[in-house]
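User: I am new to this structure and would like to learn how to read its features. Could we go through them step by step?

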Amino acid sequence: MSTEQYSAAEMMTITAARALHNGSTCFVGIGLPSEAANLARLSHAPDITLIYESGTIETKPRVLPLSIGDGELCESALTTVSVPEMFRYWLQGGHIDVGFLGTAQIDRYANLNTTVIAANHPAEGADGAHSYANPKVRLPGGGGAPEISTNAKEVIVTLKHSVRTFVKDVDFVTTLGFGRDGQARRGRKTIGKGPVMVITDLCILRPEPETNELIVVSLHPGVTREQVTEATGWDVRFADALQTTDLPSQREIEVLRELKRVTAEAHNKTESA
Amino acid sequence: MAVFTTLSQAIADGVRDGHTIALEGFTHLIPFAAGHEIIRQQRRNLTLIRMTPDLIYDQLVGAGCVSKLVFSWGGNPGVGSLHRVRDAIEHSYPRPVEIEEHSHAAMANAYEAGASGLPMAVFRGYVGSDLKDVNPNIKTIFCPFTGEELAAVPAIKPDIGIIHAQKADKAGNVLLEGIVGVQKEVALSSRHCIVTVEEIVDDLGAGPNSCVLPAWSVDAIATVPGGASPSYAQGYYPRNNSYYKEWDGISRSRETFNKWLDEQVFNGDAL
């Protein structure tokens, strides 16, 4: 496939989907991760186990859920357990291979902020007026992410790339990446290895061995280093062996568009009884 | 022992100003009608507990019923912000709201601890999270056997627990099916539990491992068909996703919200 037109958002979703392996168990966040996880299931990974925090295990939704607990998730699941059982037995108990998360902000050590934008950093025009108690923007909060990030064996993150989302230090560590110094997981044997990959609409980043600082390992086709640098809030580095991400295949694009089409159709016609 | 009553009587008998109340339902079976009745009866200074305060808590906060929220994810799922909750937190409108913020794992564990009669929950959580710095109810403890560092939070023990279920039988036994969330834990951790149901049936038709609350474990049952709408009741009606999207516009300004409150809840068709 080469001539088919595709958007940057489609490139991000398709690349994120490819990061999931057939046969793995994946704890799926709502939004972009859910879209990518279901694309994986409908393309190269038919035997992937998708698990949502609402308690649905091995769910195979026909349309993408608007919320984490849509009926479609339960009706198409192998089984549905209570929320305490989900977090205690299935997540904390060590049965999840991959936690797949979105976020509002990420920093160079892959810490995630979904709590508050407080603009406490000079680069963002800090005036000392904002804090957790008096935020500039109040975000939804942690939800399942703080424990998914530490109890899943590894974590994949996907979000759109911009200077607002890729900041040097997050205003608030809702969910641990590698901590403020990159070393917060060191010596902690009972938690997972943390983020292994971050997929954006421009590139793929991975934590550098030892420092755990995110570095760019692959640019999407047509994206330049300058574009990534301009969209990143720290002096981002590039791997020596910088790759170019594979183009989306015709089939990946078709499956994704069909999934989004049936989803839009279903969400627009839903009425209560 | 469960008493059959009306929703307005159940709220009038159970809910007092200043109470700590958990209305639960993880996207599914959210007790919207009960929330609207609390607004109509103009209860004040409530502490509301809910893992995912979505539209129902946006409505209760916007109506001025609430002085504190305990939560782990506050948003309109797949749509955006809770504008009334944000207005209360950011601008103290219509009144200031204090927040106590957790993660889902913490709240699920805290409900389970409440149902188990324990004073606290222990779990592997909040590792490296700044939530520990802003919520004094998150503590660190060490396993007395292995030395592992773990998180502890107080058990949740609401004055009133309110849930919606598909059905009850004539003896007052209640059946929940589908995404059951933390509702069994809410019923068992609350001092007084109110249940709204879609219908009363002769036989629950429950399998041996179904989520059943025996009549003697709940206090009041009111039949409210559609009582979870715009959320859904599996087997009865789907989630009204377009209403969740429309809510964004209704709740965005104080004027449109207050108009909605007046026309739909106080003088209109809202259950």
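User: How many helices and strands does the secondary structure of chain B come to?

Analyst: Please bear in mind that this is a predicted model. The secondary structure of chain B consists of nine helices and 13 strands. Its radius of gyration is 18 Å, close to the 18 Å that the globule rule gives for 271 residues, so chain B is as compact as a globular protein of that length.

User: What box do the C-alpha atoms of chain B fill, and what percentage of its residues is buried?

Analyst: Along the principal axes, the box is roughly 55 × 50 × 30 Å. Of the 271 residues in chain B, 56% are buried.

User: Which domains does the assignment give for chain B?

Analyst: A domain may be made of separate segments, as the bounds here show: domain 1 covers 3–102 + 159–261, and domain 2 covers 104–154. The centres of domain 1 and domain 2 of chain B, taken over C-alpha atoms, are 25 Å apart. Where the two meet, eleven residues of domain 1 of chain B contact 13 residues of domain 2 of chain B.

User: Which elements give two or more residues to the side of domain 1 of chain B that touches domain 2 of chain B?

Analyst: They are strand 5 (98–101) and helix 7 of chain B. The largest share of that side, four residues, is supplied by helix 7 of chain B. By residue class, the side of domain 1 that touches domain 2 comprises five nonpolar, three polar and three charged residues.

User: Is helix 5 of chain B enclosed or open, and what do its buried residues pack against?

Analyst: Twelve of its twelve residues are buried, so helix 5 of chain B is largely enclosed by the rest of the structure. Among these buried residues are B:His104, B:Met107, B:Tyr111 and B:Glu112. In chain A, the buried residues of the helix pack against helix 4 (83–92) and helix 5 (145–151). In chain B, they pack against strand 6 (120–123), strand 8 (149–154) and helix 7 (183–189).

Terms used
Residues numbered from 1 in each chain as written. Chains lettered and ligands numbered in written order. Predicted model: local features only at pLDDT ≥ 70, side-chain atom pairs only at ≥ 80, totals over all residues. Buried ≥ 20, exposed ≤ 12 C-beta atoms within 10 Å, placed from the backbone. Contact = placed C-beta atoms within 7 Å. Rg over C-alpha atoms; globule rule 2.2 N^0.38 Å. Domains from an automatic or database assignment. Nonpolar A, V, L, I, M, F, W, Y, C, P; charged D, E, K, R; others polar.
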